[in-house]
Amino acid sequence: MKQLTVGQTDALVELLNIAFGRAAASLSKLTGHRVQLEVPQITMCPIDELSVYLRPMIQGEVASVHQIFSGSVVGDAFMLLDGQSAAILKELLTNEPAMPLEIDASAREVVTEVGNILLNACLGTFGNVLKVQVSFSVPHLTLESLEGVVGSLAVGQEGLRHALIVHAAFRLRGSSLTGYVVIVLSVASIDRLVRAVDQWASEQT
Amino acid sequence: MKGPEMTVKVLVVDDSALARRTLREILEGAGYEVAEASDGLNALERYFIEKPTIVMLDLVMKGMYGLDVLTKLRELDPDVKVIVVSADIQTSSHELVYDAGGISFVNKPFDRHEILTAVDAALARGVA
Amino acid sequence: MAPLVRSDSTRLQTAVSRWLSELTRAGVFATDADLKVVAWNQWMEIHTQRPAAEIIGRPLLDEFPELVSREVDRRYRTALRDGRVSTLSHGLHGYLLALPPTHPDLGLAHMPQSSHIGPLMDGEAIIGTVTTIENVSERLTSETELRRQIEAHRVARATAETVRKPTLGGAVPPGRMMLPPR
């Protein structure tokens, strides 16, 4: 199983800080509200263990915003929120009460855009800073069980083996929200990414 | 970029070892002395032990948030010169930093020229 | 009835392009790498009142300067530079282009829209941008009605709960008589 060194973890957290900072600035500009960020926490696990790892932290149905990326690194990126957090997020951002996500298309769209902003920031920062060329698909939101999200991965994509899980917490208008960014990569892509991270870290010092 | 005429000490406060290492390299390369703290509480201790001329402070840290560290430092020493260095680039965050008494804000990722310009500007403040 | 024929890929692509241009129920337009308009479908013609012949070749940001004032031009530049796809939800943006409303009962100054802005690809190369715009007026009308029904249901339930619970004020549950004190 691929493990990150302490130094690689530190460098990735710094990159994700930069990415989340950009995402927060975009959201803040759109909504007029300040987004207070917390330090992202990252871990890596094989995709077979992904739902076991995430289940204690995300209960019930999951709102999942999914974007496929390709180029020098290839894989899938997800923003995962439990259903209630997704509805709260919509209310906080638009000042309009959310109905259950299953019947509120406008809420689903807002959550999709938030996921798009976050995932674009993460993958875009990796691309720009690490000089790794990446292109993206149109984001797509689903509401399903965590097992359903992971299950579709295993079936759909040959060669995807590892998941980089980012625990992202932030405060918006006095409410705390926690979501997860999950980046699923093949072994070859993760090696390329880790090499690019090492190169970036050594260029900083 | 002029180096300092006498040794100036900068306290770097960041929970990222990479960030502290990077800033150390930039600052020592320009002739400044560097002390480090890896979190807010540590920063408050180190400030009074090291007596730095300038503090370079990250905002988003585990434990004590950077703004709280800034506020506390200013309570304890109203003359403290704090440059905030952060990936949090929101305009509202900049405003909060200035309201709390920070003297400048530098965005991450680090740009060597920007860092050293900010330090020079901080040193020039209050010089007769 | 029109005959069903097997066609080569070029003719199929031409047919698909014509379908997208004329029949799709969303606005679709494309620009080149300099953000000059290169495609403008029938939906766009109808709702902007700008014929394709007039707008093709024109700089998008000159024709729609509000894209710059609202800083949406950044989305076009990141599409060209980084290949990023942007989603612009109605909830956070209201609309992409200030177009006349199609449902006056909503009381909105402009047509409410959801849109996507993305790179136009030729293999691995980015050669321009493509934008899709969806009119979400009907969806908003449905959501308003749904909210009204949910609220009405909530009020009805709250009222029923109040009637069921005994109160200190002496409200008598149905079927019980209050007897005078001896």
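At what angle do α1(A) and α6(A) pack, and how far apart are their axes?

Analyst: A word on conventions before the close look. This is a predicted model, where local features need pLDDT of at least 70 and side-chain atom pairs count only at pLDDT 80 or more, while totals for chains, interfaces and linings use all residues. Residues are numbered from 1 along each chain as its sequence is written, and chains are lettered from A and ligands numbered from 1 in the order in which they are written.

Now to your two helices. Two packed helices are described by the angle between their axes and the distance between the axes. For α1(A) and α6(A), the angle is about 80 degrees and the axes are 10 Å apart. (Axes are lines fitted to C-alpha atoms, for helices over the stretch in contact, and angles run from 0 to 180 degrees between N-to-C directions.) Angles of 65 to 115 degrees count as roughly perpendicular, under 35 as roughly parallel, over 145 as roughly antiparallel, and the rest as oblique. So α1(A) and α6(A) are roughly perpendicular to each other. The names come from DSSP runs, numbered from the N terminus: helices are H or I with at least four residues, strands are E with at least two.

Who meets whom there? On the α1(A) side you'll find G7(A), Q8(A), A11(A) and L12(A), and they meet V194(A), V197(A), D198(A), W200(A) and A201(A) of α6(A). Two residues are in contact if their C-beta atoms, placed from the backbone, lie within 7 Å. By class, the residues of this contact divide into six nonpolar, two polar and one charged. Here Ala, Val, Leu, Ile, Met, Phe, Trp, Tyr, Cys and Pro count as nonpolar, Asp, Glu, Lys and Arg as charged, and the others, Gly among them, as polar.

In total, 20 residues of chain A are in contact with 20 residues of chain B. On the chain A side, α1 (6-31), β1 (35-37) and α6 (187-204) each supply at least two residues, and α1(A) gives the most, with 11 residues. That side of chain A has 10 nonpolar, five polar and five charged residues.

Step across to chain B and look at T22(B), which lies in helix α1 (residues 17-29) of that chain. Leaving aside neighbours within four places in sequence, T22(B) is in contact with Q204(A) and T205(A), and with F110(B) as well. T22(B) is buried, because 23 other C-beta atoms lie within 10 Å. (Buried means 20 or more other C-beta atoms within 10 Å of a residue's own, exposed means 12 or fewer, and partly exposed is in between; C-beta atoms are placed from the backbone.) The C-alpha atoms of T22(B) and V69(B), 47 residues apart along the chain, are separated by 21 Å.

Another spot in chain B is K81(B), in the loop between α3 (66-76) and β4 (82-86). K81(B) is buried too, because it has 22 other C-beta atoms within 10 Å. Setting aside neighbours within four places in sequence, K81(B) is in contact with T53(B), I54(B), V55(B), I103(B), A122(B) and R125(B).
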